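Please consult the sequence and the coordinates shown here alongside the text.

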Amino acid sequence: MAQPPTRSLMRILFNSFINSFKPRQLKGNLMGEDYLGNKFYEIPANPSLGQRRSQRWFEPTEKEAYNQEVTAEWEAWLRGRRKEPPTAEELTRNLAIMKMKERNAAELEAKYSKPTDAAELQKTTTGMGSFPQYEEYEIMPGKKKHEK
């Protein structure tokens with residue numbers, strides 16, 4: 001009957017020491033670029049060196065800007081929520097959908113927004129706030145509108 005393999009501490013240390021001399025990939029593979037100009041890189045996972053997950057990052061167009069935008073597709077890839085990077089066709093299709101939604105929202109805003117007249121606004125609001133006051137409601141309980 002064969003014995004199951006045992007884990008020897010010395011063997012693990014020796015293998016880790018030998019693996020530390022093997023060359024590592026320090027420069028990532030360019031995976032793609034988005035329409036904002038950001039470049040995305042990846043170093044694939046290497047289980048023999050103890051890397052279970054791949055390393056992913058991006059280089060922004062402006063190096064010193066700390067509030068860079070990243071498209072949703074590339075952010076999902078960076079965070080590991082998707083395995084494959086997005087394609088150029090997918091990015092252009094989603095950009096067209098986003099632009100169409102912006103146009104539709106602007107059209108609806110123009111259609112349903114009514115111009116505010118300063119005199120009408122002054123008539124409906126009093127005091128510091130902009131809370132409207134109506135004739136059928138009391139300001140103070142038990143007192144009429146003109147009694148304060």
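The model is predicted, so local features are reported at pLDDT of at least 70 and side-chain atom pairs only at pLDDT 80 or more, while totals for chains, interfaces and linings use all residues. Residues are numbered from 1 along each chain as its sequence is written, and side-chain values use heavy atoms, with hydrogens and water left out. The protein has four helices and three strands, where helices (H or I, at least four residues) and strands (E, at least two) are DSSP runs numbered from the N terminus.

**Architecture and burial**

- Along the sequence, the elements follow the pattern α-β-β-β-α-α-α.
- Of the 148 residues in the protein, 14% are buried; buried means under 20% relative accessible area, exposed means over 50%, and partly exposed lies in between (1.4 Å probe, protein chains only).
- Strand E2 is mostly covered, with four of its five residues buried.

**Strand pairing**

- Strand E1 (residues 29-33) pairs with E2 in the antiparallel sense over four bridges; two strands count as paired if DSSP finds at least two bridges between them.
- Within this pairing, Gly 32 has Phe 40 as its bridge partner in E2, and Leu 30 has Tyr 41.
- E1 and E2 form a hairpin with five residues between them, and Gly 37 in the turn has a positive phi of about 100°.
- E2 also pairs with E3 in the antiparallel sense, over five bridges.
- Phe 40 has Phe 58 as its bridge partner in E3.
- In a regular strand, side chains alternate between the two faces of the sheet.

**Aromatic pairs**

- The structure holds five aromatic pairs; rings of Phe, Tyr and Trp (its six-membered ring) pair if their centres lie within 6.5 Å, and planes under 30 degrees apart count as stacked, over 60 as edge-to-face and the rest as tilted.
- The pair of Phe 40 and Trp 74 is stacked, because the ring centres are 4.1 Å apart and the planes lie at 5°.
- This pair links distant parts of the chain, 34 residues apart: Phe 40 belongs to strand E2 (residues 39-43) and Trp 74 to helix H2 (residues 72-78).
- Both Phe 40 and Trp 74 are buried.
- Phe 40, Phe 58, Trp 74 and Trp 77 are linked into a cluster by ring pairs.

**Salt bridges**

- The whole structure contains four salt bridges, each defined as a side-chain nitrogen of Lys or Arg within 4 Å of a carboxyl oxygen of Asp or Glu.
- Side chains of opposite charge can pair when their charged atoms come close.
- Arg 56 forms a salt bridge with Glu 42, and the closest N and O atoms are 3.2 Å apart.
- That bridge links distant parts of the chain, 14 residues apart: Arg 56 lies in strand E3 (residues 55-59) and Glu 42 in strand E2.
- Arg 56 is partly exposed, with a relative accessible area of 21%, whereas Glu 42 counts as buried at 12% relative accessibility.
- Arg 79 and Glu 75 meet through their side chains in a salt bridge (3.1 Å, N to O).
- Arg 79 counts as exposed at 54% relative accessibility, and Glu 75 as partly exposed at 30%.
- Glu 90 forms a salt bridge with Arg 82, with the closest N and O atoms 3.0 Å apart.
- Glu 90 counts as buried at 18% relative accessibility, while Arg 82 counts as partly exposed at 23%.

**Largest pocket**

- The largest pocket contains about 210 Å³ of space.
- On a 1 Å grid over the protein atoms alone, a pocket is an open set of points where a 1.4 Å probe fits, with protein on both sides within 12 Å along at least five of seven lines; lining residues have an atom within 4 Å of a point.
- Grid points are joined across faces, edges and corners, and the volume is the space filled by probe spheres set on the points.
- The lining comprises 13 residues, and those nearest the pocket centre are Glu 42, Ser 54, Arg 56, Arg 82 and Lys 83.
- The lining residues divide into four nonpolar, two polar and seven charged; Ala, Val, Leu, Ile, Met, Phe, Trp, Tyr, Cys and Pro count as nonpolar, Asp, Glu, Lys and Arg as charged, and the others, Gly among them, as polar.
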